[in-house]
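Trainee: I am new to this structure and would like to go through it by question and answer. Please show it first.

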Amino acid sequence: MAAINAIEVSHLTKQFGKKTVVDDVSFKVRPGEVFGLLGPNGAGKTTTLRMMTTLLKADAGQVMIFGHDTVKEGRLARSMFGLTGQYASVDEDISARENLMIFARLNGLSRSDAKQRTTELLNEFSLVNSADKALKNFSGGMRRRLDLAVSLITRPTLIFLDEPTTGLDPRTRTQMWDTIRRLVKQGSTIILTTQYLDEADQLADHLAIIDHGKLVKMGTPAELKQQIGGSKLTFKVCQTAQITAAVQLLTPQVGQIQQTDSALSMRLNQVNQLNTILTMLNQAKIKITQLAVQEPSLDDVFMDLTVGKN
Amino acid sequence: MDVQKHNGSLIMNTATMAYRNLLKTVHNPDRFMDVIVQPVMFMLMFGYLFGGAIAGGVQAYLPTIVPGILMQTMLSAASGSGPQIREDLDSGVFDRFKSLPMAHIAPLAGQLFADSLRLVIATITSLTTGYLMGWRPAVGFGWIIVIALLAIFTGWALSWLFALVGLLAKSASAVQSFSLIAMLVLSFMSNAFVPLHSLTKPLQVIAHLNPVTYVITAIRQILATGSWTHEAGLVLGVDVVIVLIFAPLAVWAYDRN
């Protein structure tokens, strides 16, 4: 028998009023991978996540967590994952240590186990020095770390992260990424939603791009980039008078050319084409500057696949 | 799979949730201010302002007003559960509670058990203020405990109702204004401060329909006779019914949120 999937989502659908926010979404997540749900604001990422984590009832469709139906076996399914929401879901009025203790107890740990786990997590997430301060004085990064620590109390093999780095500064974001990588190394499966493409590119093994509630594309970051086509060539034409000539000259070679002021950009089918293009420009005596060849990025995929009118 | 071996029991979960709410209160002692300041203020103001006009003197008025203010304070303390729950729901912490493998009534029950501390403090403050103003009930201390417990249990039952309102309302401020109006109407449109026969007929009808009137009557009877009365039994029974109706409704509203 094949290894059981960490998550199987089939035909998940949710309507708010007349608006379908999640529309027949299906995907599978294998154990041990990082699965990214990518999409513009309001695309339905968080709604999908809330249904997967039993916080919201689906109108149709099914979610299985390690083979357990989240509706029929809700309590069992809930015991298998940790969730870190978009908004820090920790108690403001009490300290980090107290938060961890309470959630450890609620997760069924005995008092002594809870104490031990709390100390471990405070160390692991470098919160020891502020452990007994009220959360009101915490920075955004510390709050997120505590939030993540709380969802890791039971060492769940499956972790949901809803926009884990939104609103964090670059340094804290990199720290968060390191933490996520460490969790993966320890064998966790991670589902994360994000609107940051570099984050998805850096972390995710598989990506699902969601737009207007529909799953528009799924694959590894490399596969998705490949679909966009080859590398992108950009350069500037030195003399503005020659821009039109350059466009006319190259269009038969590369197809569509995008023009911004004196900068031209085009897709290459093969990198070898670069040679031909440069020769042609040279023969036509068109001088160019600031030449760059870029591998396709997830940004391109994103722009290409999402309408972005949410 | 390395998940925890056992799920905490309902009682354990509720105890932890109650501990959480107590901690929150301990870190924010101002949450007790309303249940301390309000009974003292009302007892002094009403006693000294209206005592002469209504009963011919402060001393004569105290047996009327002490149970009245006690119940008014219970109402106001109970109504505090609504906004508290709404705030919690809005803060995102409840999302986490819901995603935990525990009974869904535990967060609510924990909140309401912790809130009963407010009720206890409110009761002690009300009765002590009365005592300091010269209130000396003829019955023994045991019966004072009985009426205190009856008042606290009634307040606790009512806090389930306010919790439901908190769960159904859109915002904490909406709950707050509803609670304030409910508290004012229920406490003033009753026999809490004035003898019922002094009211006009339509007001008498309203006061007779007001459940608070019956609780206050029951408390006054116990304090006057030093015995458990039929009315007291009725109040206790209704309290139990309120909990049996509104606790499941609150859990339903919580699940739906």
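Trainee: How many salt bridges does a search of the whole structure find over all chains?
Mentor: This is a predicted model, in which local features need pLDDT of at least 70, side-chain atom pairs count only at pLDDT 80 or more, and totals for chains, interfaces and linings use all residues. Side-chain values use heavy atoms, with hydrogens and water left out, residues are numbered from 1 along each chain as its sequence is written, and chains are lettered from A and ligands numbered from 1 in the order in which they are written. A salt bridge here is a side-chain nitrogen of Lys or Arg within 4 Å of a carboxyl oxygen of Asp or Glu. Over all chains, the number found is 19.

Trainee: Which residue forms a salt bridge with D91(A)?
Mentor: The closest N and O atoms of the pair are 3.2 Å apart. D91(A) lies in the loop between strand 6 (81-84) and helix 3 of chain A, and its partner lies in helix 1 (residues 10-27) of chain B, so the pair joins two chains. Helices (H or I, at least four residues) and strands (E, at least two) are DSSP runs, numbered from the N terminus. The partner is K24(B).

Trainee: Which residue of chain B forms a salt bridge with D147(A)?
Mentor: The rule finds four salt bridges across the interface of chain A and chain B. In the bridge of D147(A), the closest N and O atoms are 2.5 Å apart. The residue is R96(B).

Trainee: What is the area buried between chain A and chain B?
Mentor: Contact means heavy atoms within 4.5 Å, and 31 residues of chain A are in contact with 31 residues of chain B. In chain A, R75(A), D93(A) and L106(A) lose the most area to chain B, together 22% of what that side buries. Buried area is the accessible area (1.4 Å probe) that two parts lose on being put together, summed over both. Carbon and sulfur atoms give 54% of the total, which is about 2,900 Å².

Trainee: Is helix 3 of chain A oblique or parallel to helix 4 of chain A?
Mentor: The axes of helix 3 (residues 96-106) and helix 4 (residues 111-124) of chain A come within 9 Å and cross at roughly 135 degrees. Axes are lines fitted to C-alpha atoms, for helices over the stretch in contact, and angles run from 0 to 180 degrees between N-to-C directions. Angles under 35 degrees count as roughly parallel, over 145 as roughly antiparallel, 65 to 115 as roughly perpendicular and the rest as oblique. Helix 3 of chain A is therefore, relative to helix 4 of chain A, oblique.

Trainee: How are helix 3 of chain B and helix 8 of chain B directed to each other?
Mentor: Helix 3 (residues 58-79) and helix 8 (residues 172-188) of chain B have axes that come within 9 Å. Those axes cross at roughly 165 degrees. The two helices are therefore roughly antiparallel.

Trainee: Which residues of helix 7 of chain B make the contact with helix 8 of chain B?
Mentor: Helix 7 (residues 141-168) of chain B packs against helix 8 of chain B at an angle of about 150 degrees, with axes 10 Å apart. The two helices are therefore roughly antiparallel to each other. From helix 8 of chain B the contact takes V175(B), F178(B), S179(B) and A182(B), and from helix 7 of chain B it takes F162(B), V165(B) and G166(B).
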